Amino acid sequence: MTEPCAPSLSGQTAADLYFVDFDHTLLRSNSTQEFLRMAQPFVFIWPLLQLIGAVMRALGLSDRTRFIWQDSLKVGLLRTLNPWALARFRRYAPQIIERHLNQDVVDQLADIPSDKIIIISFGAKPVIEALLAETRFADCKIIAPRFAESRAFRRRGKISILQELGIMPTKASILMTDNLEDDADLAATVGTVIEVQPDHDTIVYRQPYIPFYYTAKIKRTPGFLIKQVFMEELPVILLAYGLVALPALPIGTWIALSLLFLALMLTYELGYAENDHVGARKEDAPKLSENFFRHRDYKLSPDAWIWALGLSFAGMLVMGIDAQTFALERMGAASTGSLWLNAGLLTVVWALVLIVLRLTFTAFNHAPLIWRVYTYAILHIVKYLGFALVFAASAAGLVFIYAHIVRTWSLYAVRRSGGSIEFMLSQTVRTVFLLFGFSILAMIDVSLVLTWQAGVILAFCLIRGAPEILRKT
């Protein structure tokens, strides 16, 4: 007999055994996933763990094969790379269980003696023991595999393991589980099955910092990160500041610009997060993604600043001594003659740009709604013109930056004013203002627009605008 999750089990007789699943039942999370998130350095090891699952899916392995092998391989890899992972997990376990212990299930088992409760799981026993160490369930019998036993345990199934241990469920026994498919063998032997409704969609595992994770998974989407940030905004910076010397192509300058752009966007991402939290507190109908509520405790600082400063220093190093000297002289400073010392000085300058950008984003986030349209323009001026402190900018490049700021600002202004951008050709807006700016430059000195850089910039705008015109007209 299968029943929905009941408010109490206190009416059962003392002879009953209560078989309680762990993951997504007693724990409103997955214990193996929580353990895997102990990986250090997370940003390097986590992709390797994810690769295991991706390879198994690509090979077309059956669900059962992946069920038996996938977690075992991931845990094995983690324990090989991080032998201290279990010790570290034990330190975090009290925080994890405090957040994810399923209080509904705890309340149902409140009147059941510990010796009548058997916690049975496919998760790792050392992990489960660490999680339950400071709870009343620490005294309950835990039937789960040690790390090395995981594959055999899953291959055999729970009822086989119970029979081997001499624990025989009867029609008087009760099973509490969220997964009747995984526990089908055990469910067939007990008298009552209480199905605990899982909440997989609301579970968020403790998430270490990953650059651009907030942009790609919480604020926006991976598609936005690729199409808008890396295929739109980065090319604007490269074309405006990295083509001054055409037809020669300074690769070092492009790499430096890219690294500094990444540093800037990590700082910008802090503003995204603040914007969401301010909106959630102050606005009646904030525009927040569903993932925001699942990840609202995700922390970016101080990791984002550390990454930003590291990328900034790397970018200044890649510039090379000649470009460093030129940049310092443009600021009225003299080169130290040392690649590393110059990089340090320029990193300080770029850090100031990032701080100004961050403060401007804070002003934007806290400004009254009527003023946000104008502070948004200032925010983008800082975002795109900050590079001019370090890199030379031609007249054509500055006009391109101006046209791009107009494009991004006009989109926001129309939306914030309650208008629709459905029929707005924003790429064409940029092209129009670019041509307007080029016309003014031509009247001053036609040679300012008869350059390789101006031609490449115009071609970029036309190519980017064509699909939008075809789609909307």
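The side chains of Arg430 and Glu232 meet in a salt bridge, with 2.4 Å from N to O, a salt bridge being a side-chain nitrogen of Lys or Arg within 4 Å of a carboxyl oxygen of Asp or Glu. Because Arg430 belongs to helix 19 and Glu232 to helix 11, this pair ties together parts that are 198 residues apart in sequence. Salt bridges that share partners join Glu232, Arg407, Arg430 and Arg464 into one network. Both Arg430 and Glu232 are buried, where buried stands for under 20% relative accessible area, exposed for over 50% and partly exposed for what lies in between, with a 1.4 Å probe and protein chains only.

The structure is a predicted model, in which local features need pLDDT of at least 70 and side-chain atom pairs count only at pLDDT 80 or more, while totals for chains, interfaces and linings use all residues. Residues are numbered from 1 along each chain as its sequence is written, and side-chain values use heavy atoms, with hydrogens and water left out.

In the whole structure, twelve salt bridges are found. Lys158 pairs with Asp183, the closest N and O atoms being 2.7 Å apart; Lys158 sits in helix 8 (residues 158–165) and Asp183 in the loop between strand 5 (174–177) and helix 9 (184–187), so that distant parts of the chain, 25 residues apart, are linked. Helices (H or I, at least four residues) and strands (E, at least two) are DSSP runs numbered from the N terminus. Lys158 and Asp183 are both buried. A further salt bridge joins Glu164 to Arg156, with the closest N and O atoms 2.7 Å apart; here Glu164 is exposed at 55% relative accessibility, and Arg156 is partly exposed at 39%.

Helix 19, which holds Arg430, has 19 residues that should span 27 Å at 1.5 Å a residue, and its end C-alpha atoms, 28 Å apart, agree with this; the expected span is 1.5 Å times one less than the number of residues. Its buried residues, among them Val429, Arg430, Leu434 and Phe438, pack against helix 11, helix 18 and helix 20, contact meaning heavy atoms within 4.5 Å.

The largest pocket has a volume of about 1400 Å³ and is lined by 43 residues, of which Arg220, Phe224, Tyr376, Tyr412 and Arg415 lie nearest its centre. A pocket is an open set of points on a 1 Å grid over the protein atoms alone, where a 1.4 Å probe fits, with protein on both sides within 12 Å along at least five of seven lines, and lining residues have an atom within 4 Å of a point. Grid points are joined across faces, edges and corners, and the volume is the space filled by probe spheres set on them. The lining of the largest pocket comprises 17 nonpolar, ten polar and 16 charged residues; Ala, Val, Leu, Ile, Met, Phe, Trp, Tyr, Cys and Pro count as nonpolar, Asp, Glu, Lys and Arg as charged, and the others, Gly among them, as polar.

The second largest pocket holds about 980 Å³ of space, and of its 32 lining residues the closest to its centre are Phe67, Asp71, Arg154, Asn179 and Asp182. Helix 3 gives the most to this lining, with seven residues, and the lining divides into three nonpolar, twelve polar and 17 charged residues.

In the backbone, the peptide bond from Gln40 to Pro41 is cis, with omega near -10°.
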